[in-house]
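Thank you for making time this morning. I would like to walk through one model with you, going from its strands to its helices and then to a few individual side chains.

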Amino acid sequence: MEELTNLLSEAFQLPDLARLTPAKIDHKPRILLLYGSLRERSYSRLLTFEAEHLLTALGAETRVFHADGLPLPDDEADTHPKVQELREAMLWSEGQVWTSPERHGAMSGVMKAQIDWIPLPGGAIRPTQGRTLAVMQVSGGSQSFNAVNQMRVLGRWMRMITIPNQSSVAKAWQEFTPEGRMNPSSYYDRVVDVMEELVKFTLLTRGIADHLTDRYSERKETAEKFEERTRLGSI
């Protein structure tokens with residue numbers, strides 16, 4: 001520690017292996033699924049439902065949030081029922097799936113609006129912090145990865161544990177039956193891979209997310225604020 005003169009010693013901690021051991025939690029992994037389209041036949045919604053079927057088979061408990069009726073960010077008070085529904089589902093979840101169509105080389109506005117309604121209470125502490133995340137996209141034309149790449153940036157900003165695997169379904173209009181189920185294909189196999197990996201990462205990290213995302217900078221800030229209050233109280 002003598003060489004680390006910039007460190008606040010009381011805020012510096014060694015990783016605790018005991019606290020990094022996956023917790024024994026009885027309930028099923030809780031996965032929230034968001035999708036980014038309001039179209040009547042939305043391929044991002046159909047892909048989301050396909051993912052939900054797989055997650056259920058893999059032993060997870062799921063919720064799908066439907067953005068119909070969700071106002072634009074800041075266009076209504078955060079007491080709006082759809083905003084409250086979304087925020088409650090965020091807190092309920094231990095892992096999430098985000099699925100967006102790619103529009104103009106980016107994720108859809110519907111997808112981004114859902115994330116923009118998530119508050120940032122407690123300074124840098126986000127309600128999504130420590131939760132696992134899988135990202136998927138659908139495209140009307142050839143395969144692209146712009147939307148999933150953008151959602152990865154969002155996931156990092158929201159301090160989520162974004163799994164390595166992802167899915168991008170090209171020409172999505174020909175990948176689903178008239179009844180809305182996904183056709184067998186390499187795209188479908190990749191979706192299976194992604195959901196399987198998400199459940200594994202969620203099982204590994206739930207219950208220990210607080211330690212995984214506990215940061216020196218935040219502990220230092222807390223310690224400095226406490227010291228300041230103590231100093232002022234003694235005057």
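This is a predicted model: local features need pLDDT of at least 70, side-chain atom pairs count only at pLDDT 80 or more; totals for chains, interfaces and linings use all residues.

**Strands, helices and side chains**

Let me begin at a turn: in the hairpin of β3 and β4, which has two residues between the strands, histidine 104 takes a positive phi near 50°. Residues are numbered from 1 along each chain as its sequence is written, and side-chain values use heavy atoms, with hydrogens and water left out.

When I speak of helices (H or I, at least four residues) and strands (E, at least two), I mean DSSP runs numbered from the N terminus, and two strands pair if DSSP finds at least two bridges between them. On that basis β3 and β4 run antiparallel and are joined by two bridges, with arginine 103 standing opposite alanine 106 in β4. The pairing of β3 with β1 is parallel and has five bridges, and here leucine 34 has tryptophan 98 of β3 as its bridge partner. With β5, strand β3 pairs in the parallel sense over seven bridges, and valine 97 finds its bridge partner in alanine 134 of β5.

How enclosed is β3 by the rest of the structure? Seven of its nine residues are buried, so β3 is largely enclosed, where buried means under 20% relative accessible area, exposed means over 50% and partly exposed lies in between, with a 1.4 Å probe and protein chains only.

Staying with β5 for a moment, glutamine 137 is in that strand and is buried, with a relative accessible area of 0%. Its side chain makes a polar contact with the side chain of glutamate 102 at 2.9 Å; a polar contact is a pair of N or O atoms within 3.5 Å, where within protein one must be able to donate a hydrogen and the other to accept it, and residues adjacent in sequence count only if both atoms are side-chain atoms. The backbone oxygen of serine 144, in turn, lies 3.0 Å from a polar atom of the glutamine 137 side chain.

Now to helix α1, residues 43-57, whose 15 residues reach 21 Å from first C-alpha to last, close to the 21 Å expected at 1.5 Å a residue, the expected span being 1.5 Å times one less than the number of residues. Its buried residues, among them Leu46, Leu47, Leu54 and Leu55, pack against β1, β2, β3, β5, β7 and α5. Just after α1, glycine 59 takes a positive phi of about 95°.

Which residues have the most contacts inside the largest nonpolar core? They are Leu47, Leu55, Val97 and Met195, in a core of 25 residues, and by a nonpolar core I mean a set of buried Ala, Val, Leu, Ile, Met, Phe, Trp, Tyr and Cys residues joined through side-chain atoms within 4.5 Å. The elements giving two or more residues to this core are β1, α1, β5 and α5, and α1 gives the most, with six. Leaving aside neighbours within four places in sequence, leucine 55 is in contact (heavy atoms within 4.5 Å) with residues including Ile31, Leu33, Val97 and Met195. A second, separate core of 24 residues includes Phe65, Ala67, Trp117 and Met158.

Finally, the charged pairs. A search of the whole structure finds eight salt bridges, each being a side-chain nitrogen of Lys or Arg within 4 Å of a carboxyl oxygen of Asp or Glu. One of them joins lysine 112 to aspartate 116, with the closest N and O atoms 2.7 Å apart; these residues are four apart in helix α3, so about one helical turn separates them. Lysine 112 is partly exposed at 32%, and aspartate 116 is partly exposed at 39%. In helix α2, lysine 82 and glutamate 85 are three residues apart and meet in a salt bridge at 3.3 Å, N to O. Here lysine 82 is buried, at 15%, whereas glutamate 85 is partly exposed, at 37%. Aspartate 78 forms a further salt bridge with arginine 87, at 3.4 Å between the closest N and O atoms.
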